[in-house]
2 protein chains.
Amino acid sequence: MESFKRLPAHIGIIPDGNRRWAVKNGLQKKDGYEHGIQPGFELYEMMLEYGIQEATFYGFTKDNNKRKKSQRDAFTQSCVDAVQLLSGKDANLLVIGNTESPAFPPELKKYANKRVHFGHGLININFLVNYDWEWDLNNLIENKTLKSADIPRVDLIIRWGGRRRLSGFLPAQSVYADFYIIDDYWPDFNKSHFLDALMWYQNCDVTLGG
Amino acid sequence: MESFKRLPAHIGIIPDGNRRWAVKNGLQKKDGYEHGIQPGFELYEMMLEYGIQEATFYGFTKDNNKRKKSQRDAFTQSCVDAVQLLSGKDANLLVIGNTESPAFPPELKKYANKRVHFGHGLININFLVNYDWEWDLNNLIENKTLKSADIPRVDLIIRWGGRRRLSGFLPAQSVYADFYIIDDYWPDFNKSHFLDALMWYQNCDVTLGG
């Protein structure tokens, strides 16, 4: 097991490239999402191994709902399946997203907007489901707090699929996060991706502007 | 002159590495900032040449005020000098920052929080001076709008100095921005940096999550 001189307390995960992976493998775009579940659990196990305290996974967003119904159904089902599997593990789960929209999966309402404890609760896992950055920020106007107020500052964001942007991921918590981009598509996750990200992060000079 | 199939309408500029450049060149850290002014005007001329409509430059932030007084004085003076020079050019200037703090340079108050027109106004230049992302977002609570509400969505962010983070740069406007990182320090700006960034950007697949 590698040893690191400094680890991120909270990691943001943007598991992009499921549709491109499907096309590359001769499948329909919608069929990529179900291949993104197992990688999430491999990563979960690695985070436990390295003592990461918290991770936020980007499930799907309001923007993503502009896609075809077959794809919407597929990514929504994958989020439900992922939570179902996680409920048998050791995590404290917080689902953040707009539950008042029909795009929010009813199966996940019981986990939304309050933290739920599974097993030995070894790590905090936040899951953004039907999340919308404007909905999050605009809650400052209505209720003087972010919808995601229970999610702390993100130290490191790892994005798969090569794109170099946040795509609306937690704008307030990401202001000081260091970005690590992996060109491989998310379903092609392998352990070296995560280790390389931690290796890179340990040498980032965290100043918070000072 | 290069030709591009797609150009960003609004570019964010994070001119980092002035202090590291100074140390590398045997100067005191504070002496780096004044070497960051001329690069800004070279970039301004290139943006006019390529028809860029708007650019936001990261001047200094509330976080930066944690630095030594000699450095604070130097970066503040460089911001004042830059605006002084810009006032002789063709730009529409909007300075955004907390003018109620003593760290805000009095010389720039007349340009703050409203757009001022210089010459033929060929480009919108926004300049973040004593900017603070929390101050910006928290205005949603008090006044139901961002302090930076007059600055539109950013398409491309170019950061010099190798760090891969936003450091609090316009969190609401940067949600969909593509990030281009240049390892060279800002005072070592050269034209190929900007051309390479535009070259890269034209092939980014802008989906806005759809």
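Predicted model: local features only at pLDDT ≥ 70, side-chain atom pairs only at ≥ 80, totals over all residues.
Residues are numbered from 1 along each chain as its sequence is written, chains are lettered from A and ligands numbered from 1 in the order in which they are written, and side-chain values use heavy atoms, with hydrogens and water left out.

Now back to the helix. Helix α3 of chain A covers residues 69–86, which is 18 residues, and reaches 26 Å from its first C-alpha to its last, close to the 26 Å expected at 1.5 Å a residue. That expected span is 1.5 Å times one less than the number of residues.

Leaving out residues up to four places away in sequence, A:Phe118 touches A:Leu86, A:Ser87, A:Lys89, A:Asp90, A:Ala91, A:Leu93 and A:Tyr111, where contact means heavy atoms within 4.5 Å. The fold also brings A:Phe118 and A:Gly88 to a C-alpha separation of 6.8 Å, although they are 30 residues apart along the chain.

Six of the six residues in β3(B), residues 91–96, are buried, so the strand is largely enclosed by the rest of the structure. In a regular strand the side chains alternate between the two faces of the sheet. Here both faces are covered: B:Ala91, B:Leu93 and B:Val95 are buried on one side, and B:Asn92, B:Leu94 and B:Ile96 on the other. Which strands pair with β3(B)? Two strands pair if DSSP finds at least two bridges between them. Strand β4 of chain B (residues 116–118) is antiparallel to β3(B), over three bridges, whereas strand β5 of chain B (residues 123–131) runs in the parallel sense over six bridges. B:Asn92 stands opposite B:His117 in β4(B) and opposite B:Asn124 in β5(B).

How do the two chains relate? Chain B can be laid on chain A with an RMSD of 0.0 Å by a turn of 180 degrees and a shift of 0.0 Å along the axis, with the copies superposed by least squares on the C-alpha atoms of residues with pLDDT of at least 70 in both. This is the relation of a two-fold axis. The same surface serves both copies, as 100% of the contact residues of chain B recur in chain A.

Aromatic rings come next. Over all chains, the structure holds 27 aromatic pairs. Rings of Phe, Tyr and Trp (its six-membered ring) pair if their centres lie within 6.5 Å; planes under 30 degrees apart count as stacked, over 60 as edge-to-face and the rest as tilted. A:Phe179 and B:Phe179 form a stacked pair, at 4.7 Å centre to centre with 10 degrees between the planes. A:Phe179 lies in β7 of chain A and B:Phe179 in β7 of chain B, so the pair joins two chains. Both A:Phe179 and B:Phe179 are buried.

Finally, visit helix α5 of chain A, whose 12 residues (191–202) reach 17 Å from first C-alpha to last, close to the 16 Å expected. Its buried residues include A:Phe194, A:Leu198 and A:Tyr201, and the elements covering its buried residues include β1 (10–15) and β7 (178–182) of chain A. A:Arg6 lies over the face of A:Tyr201, at 4.3 Å from the ring centre. A charge sits over a ring if NZ of Lys or CZ of Arg is within 6 Å of the ring centre and within 35 degrees of the ring normal.

Notes
Helix = DSSP H or I, 4+ residues; strand = E, 2+ residues; numbered from the N terminus. Buried < 20%, exposed > 50% of the residue type's maximum accessible area, 1.4 Å probe, protein only.
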